[in-house]
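Please look over the model shown here. A few questions and answers on its fold follow.

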Amino acid sequence: MTSLQDIKSELNKHLSIKDPFVLDLVFACILGNTLIETGSIWMLLVGSSSTGKTSITNPLLALPTTYFLDDITNKTFLSGFRMNGKFQNLLDIINRKTVIFSDFSTILSKNQEQRGEILAQFRRIADGQMDKATGTGTMKWAGKIGILAASTPDIYNHLEVVRSAGERFLYYSMSAASNKDMLVKQRDNLSSPQAITDALKPLYYEYVHAVKDFIMRESMPEFKLTPDQYARTDRAVIFCVKSKSTIRTDYRTGAVAGMPQTASVGRDNRAFMTLLKALQIMDAYETRNIKTLVSDSRIDLIEKCAYSAICTERR
């Protein structure tokens with residue numbers, strides 16, 4: 001049966017990936033959004049160009065629980081059509097799936113009006129409900145949708161735009177390999193992006209389905225943290241929320257115009273707990289032991305997500 005290490009080994013045949021946990025995070029997002037009923041995971045995977053983000057996310061095309069979008073407009077989610085007398089829309093199609101964006105910064109680079117409408121729709125989708133008035137009535141949608149979006153560090157230049165509209169995302173800043181390591185790897189292997197995707201797609205598919213089959217056969221592991229682990233996750237959630245505080249400035253002078261606006265911890269805490277549960281499921285599958293507990297290394301990953309919420313200049 002395919003293991004996570006099998007996927008890491010195959011990926012490292014083609015690319016120099018320094019970050020040891022980025023694949024853990026990617027699969028935890030997919031499995032968490034699919035298997036766990038609590039909060040959905042909206043994750044921004046942040047890394048410089050040519051660090052492997054596309055090579056890591058493209059093989060997710062093999063999974064029926066993902067849906068790829070290169071770009072969207074303010075009408076993408078609300079447009080629809082009739083099939084067998086029933087109104088269908090994109091939200092129905094992607095319900096209970098994880099939407100993959102290969103470059104999320106393109107969305108935030110749109111003009112202010114369109115961007116504002118898109119972000120307002122994101123807020124409603126993240127909260128699990130959206131209504132649309134039409135000429136023949138009201139289209140109502142309720143469900144759960146996850147997001148895994150890749151972006152360069154330029155995303156931090158747009159953070160105030162996202163956060164002023166109501167923060168829904170967690171962040172993970174990838175550790176990048178050195179230029180020398182990348183060059184050495186390319187001397188040994190010059191696989192095309194498509195060849196890398198083709199090599200990884202069957203492994204991605206086998207791994208995700210093996211984890212799901214394991215859980216269906218054994219049931220969910222009991223989720224329980226130690227007091228120290230709860231204390232660490234509590235600190236991480238509070239740190240993350242404060243890091244994402246909106247700082248209002250005077251548009252003429254750039255001077256700070258008010259106290260930072262900080263959201264409550266509830267939404268981020270649900271997302272972090274969903275992420276931890278998914279990681280525990282993955283570890284239980286790897287050890288074939290449904291009694292596997294959450295390890296401290298998984299708390300380390302949560303802490304890195306919280307730290308990643310701060311823009312590079314403030315670290």
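## Sheet, helix and surface

Helix α12 (residues 296-308) lies across β1 (42-46) and β9, at about 100 degrees to β9. The model is predicted.

Q: How many helices and strands does the secondary structure of the protein come to?
A: The model is a predicted one. Its secondary structure comes to 12 helices and nine strands.

Q: In what order do the five strands of the open sheet stand?
A: The pairing in this open sheet is parallel. From one strand to the next, the twist averages 20 degrees. The order is β2-β5-β8-β1-β9.

Q: Why is one side of β2 and of β9 left without a neighbour in the sheet?
A: β2 covers residues 66-69 and β9 covers residues 170-173. One side of each has no neighbour in the sheet because both strands stand at the edges, each with a single partner strand.

Q: What share of the 315 residues in the protein is buried?
A: A residue counts as buried when its relative accessible area is under 20%. Of the 315 residues, the buried share is 49%.

Q: Among contacts between residues at least 6 apart in sequence, what share joins residues at least 24 apart?
A: A contact here means heavy atoms within 4.5 Å. For residues at least 24 apart, the share of these contacts is 78%.

Key: Residues numbered from 1 in each chain as written. Predicted model: local features only at pLDDT ≥ 70, side-chain atom pairs only at ≥ 80, totals over all residues. Heavy atoms only, no water. Pairing = 2+ DSSP bridges. Helix = DSSP H or I, 4+ residues; strand = E, 2+ residues; numbered from the N terminus. Axes fitted to C-alpha atoms, helices over the stretch in contact; angles between N-to-C directions. Buried < 20%, exposed > 50% of the residue type's maximum accessible area, 1.4 Å probe, protein only.
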